[in-house]
Amino acid sequence: MKKKWYEILDSVRFAITVLLLGYLFIGIGDIRTENEIVQKILLIFSTVGLLLKNLFPLILTLNYVGNNKKDVIPFIGAFMCYALLNVVTMILSKNNYPAVFYQDFLGLAIDEKSIPLNIGIIGSILVIIVVDKTYAWSRKRYNYGFLTFIDNDAWFFITAIILTAFVGVAVSYSYVYFVNVVSKLMQFISLNSNNPIAMFIYGFCDRIGQMLHVDNIFKDNFLFGNLGGSWTDGKQIVYTGDVNIWTAQMLSNNLTAGVGRYTTGTYIINLFAAPSLIIGYYLNITDKIDRSRMFGMLLLGICASLLTGSSLPIEIVVLLTSPLLYFIHLLFCGAIFMACNIMDIYVGVMLTTSKSTILLGNIFEFIHYYNVVNLHLMLVKALIMGIIVFVLYQLTVFVYYHILAQDFLDTQQGKIELKRFIADLGGLTNIKKITSSSVAITVVLYDRDKLNVDDLLNDRAYKVTERYYGFIIKYGSGSSTICRKIRKELSDYQDCLAYSKK
C-alpha cells in the first residue's frame, strides 16, 4: 500500500504543475492598471488561470490514467467516465441544495438549478478506481463465448461506462448526507465564531476543503454569505460575509472588532507556514543534482504562496510524499486560526475582483495594511506570530524527516531494514557516494552489478532508475533518515579501516 501511495506523485506531477501555473496566472490577472490593452491581456491570464484551477480534478484524472496505462483507450475512457459521472449527478441529484453544493463542469446544465454536484477530487478518485479496475478486467478477458465479437478495448469501455453510471447513482443519492454534515458543521462554526475551538475546526476543515477541491463551499458561505455575519452601514445597506463586510468597513473607515476572523489565518499560512514547509522540504534534499533541479520549483511554490495566496500545490506534494507531515500541517492550520482568535488578530481581505479569483492572504495586501495606521499594531502582532510559525514549521519538518519518517517506534525493525538495504546495494564497500531527497535515495556504486534491484523492489522501494551519475531509488518519506544512517555506517567503517592501518 505504501509503494502504491508514493507512486501517485510521479503519476500526477504534471497536474500539480498545471495547478501551480493556474494560480500564478490568476495572480498575474489580479494586477491593476488603467491601460485598456493591458487590462485585456491580464483578463486573459485571469480567465485561463481560473479555467486551469477549475479543471484540475479532470486534469488530475487524465494525468494519472495516462501515465499508468500508457494507452490511449483508458485515457479516452477516463474522460468519458468523468463527464458521465457529472451528467448522472446532474440528472439524479436533488435540486434543492444550497448553490455552493453544485459545480459547473464544461457548461453542463439542464436549467439553472440542475448542474453537476460539487464533488471535487472525490470524483477524480472514483473515476480512477473505475478505469483502473475495468481496464485490468478487460485485459484478463478470454476471447470466447457469446460476446467474442466485442474486443477487449470495447469491453473495457462498456464496463467502465456501466460501472461509472452505478457510481454516479450512488453519489447522487448519498450526497445528501455530505450536505447535512457539512451544513451542520458550518452552522456550528458560525454560531460559535468567538469560540477558539470553532475557529480551530474552521481552519482544519478549510484546508481539507482546498485539498478536496470543494473549498468554495466554505468560502462562499463564510466569506460572502450569511454564515460570515452581517453589518448595516449608515445608509442602511446590509453587507453579508466576512470579505464583503471588511471591504465595506475599510472603504468607510469604520472597522469593528472581529471582522476578518475567517481570513486572518490565511495570511499566516500563506506568508509564513507554507514557505517554511517548502524550504524545510527542500533542505532535506542532499543530492546536488536534485537540489538544482528542484530550486526552480521551490521558487515557484513560494511565489504562488506569497503572491497568489495559494499553498495547495505544495500541500498536495506533502500529502503524497509524507502523509503524517500533512496531517501535522492540518493541525497547525487549525491552531493558527484558533491562536488568531485568542489574540484578537483580525486582518481581512478586500474584494477588488470577482469572488472566484479573489486572492486570500497574499503579501501585497499584507504590506498595504501594514501601512494603514489603524491596522499597524494588528499587523505587527500577525508578523510576530508568523515568525514563530515559520520557526515551528522548520523544527517540525526537521523532526519529521529525522525521526518520525523512519519507523521510530520499532527500532529493531528499522535496524533490520537498514541492513537489508545496505546488502541490496552490495554492502558498504560498494557504496561510493549516497545522497537523498525527501522521497528518494541517490547512490553511486563502485560495482553496479552488485545492486540487487529485485530485492529492493520486494522490500520498501517502489522504483529504481539508473542515471549517468548513479541510481535513483524511490524509497518514500524515510529516504532522508535511512540515507543519514548509511552515511553514519560508512563513516564508522572508514574510521575502523583508518584505525586498523595504524
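Helix α6 (residues 152–191) and helix α7 (residues 196–211) cross at roughly 135°, and their axes come within 9 Å. That pair is a handy way into this structure, which is a predicted model: local features need pLDDT of at least 70, side-chain atom pairs count only at pLDDT 80 or more, and totals for chains, interfaces and linings use all residues. Residues are numbered from 1 along each chain as its sequence is written, and side-chain values use heavy atoms, with hydrogens and water left out.

**How to read the labels**

- Helices (H or I, at least four residues) and strands (E, at least two) are DSSP runs, numbered from the N terminus.
- Two packed helices are described by the angle between their axes and the distance between the axes.
- The axes are lines fitted to C-alpha atoms, for helices over the stretch in contact, and angles run from 0 to 180 degrees between N-to-C directions.

**Helices α6 and α7**

- α6 and α7 are oblique to each other; angles under 35 degrees count as roughly parallel, over 145 as roughly antiparallel, 65 to 115 as roughly perpendicular and the rest as oblique.
- Their crossing is left-handed, a label used if the near helix is turned anticlockwise from the far one by less than a right angle, with right-handed used if clockwise.
- On the α6 side, L185, F188 and I189 make the contact, and on the α7 side A198, I201, Y202 and C205 do; contact means heavy atoms within 4.5 Å.
- Sorted by type, the residues of this contact are 7 nonpolar, no polar and no charged.
- For that sorting, Ala, Val, Leu, Ile, Met, Phe, Trp, Tyr, Cys and Pro count as nonpolar, Asp, Glu, Lys and Arg as charged, and the others, Gly among them, as polar.

**Helices α3 and α4**

- Helix α3 (residues 56–69) packs with helix α4 (residues 72–92) at an angle of about 155°, and the axes are 9 Å apart.
- That angle makes α3 roughly antiparallel to α4.
- The crossing of α3 and α4 is right-handed.
- From α3, the contact takes in P57, L58, T61, L62, V65, G66 and K69, while α4 brings P74, F75, A78, F79 and Y82.
- The residues of this contact divide into 9 nonpolar, 2 polar and 1 charged.

- β3 and β4 pair over 5 bridges in the antiparallel sense, with I431 opposite L445 in β4.
- These two strands, β3 and β4, also form a hairpin, with 3 residues between them.
- β4 and β6 are joined by 4 bridges, again antiparallel, and A440 stands opposite K474 in β6.
- β5 pairs with strand β6 (residues 470–474) over 5 bridges in the antiparallel sense, and E466 stands opposite F471 in β6.
- Strand β4 (residues 440–445) is mostly covered, with 5 of its 6 residues buried; buried means under 20% relative accessible area, exposed over 50%, and partly exposed in between (1.4 Å probe, protein chains only).

The contacts listed here leave out residues up to four places away in sequence.

- T89 lies in helix α4 and is buried, at a relative accessible area of 0%.
- T89 touches P116, L117, G168, V171 and S172.
- V317 sits in helix α12 (residues 312–321) and is buried too, with a relative accessible area of 16%.
- V317 is in contact with L9, I16 and Y281.
- V317 and V12 are 305 residues apart in sequence, yet their C-alpha atoms are 9.7 Å apart in space.
- L404 belongs to helix α15 (residues 376–404) and counts as partly exposed, at 25% relative accessibility.
- L404 touches L324, I328 and V399.
- The C-alpha atoms of L404 and L324 are separated by 8.5 Å, with the two residues 80 apart along the chain.

Definitions and conventions. Two strands pair if DSSP finds at least two bridges between them.
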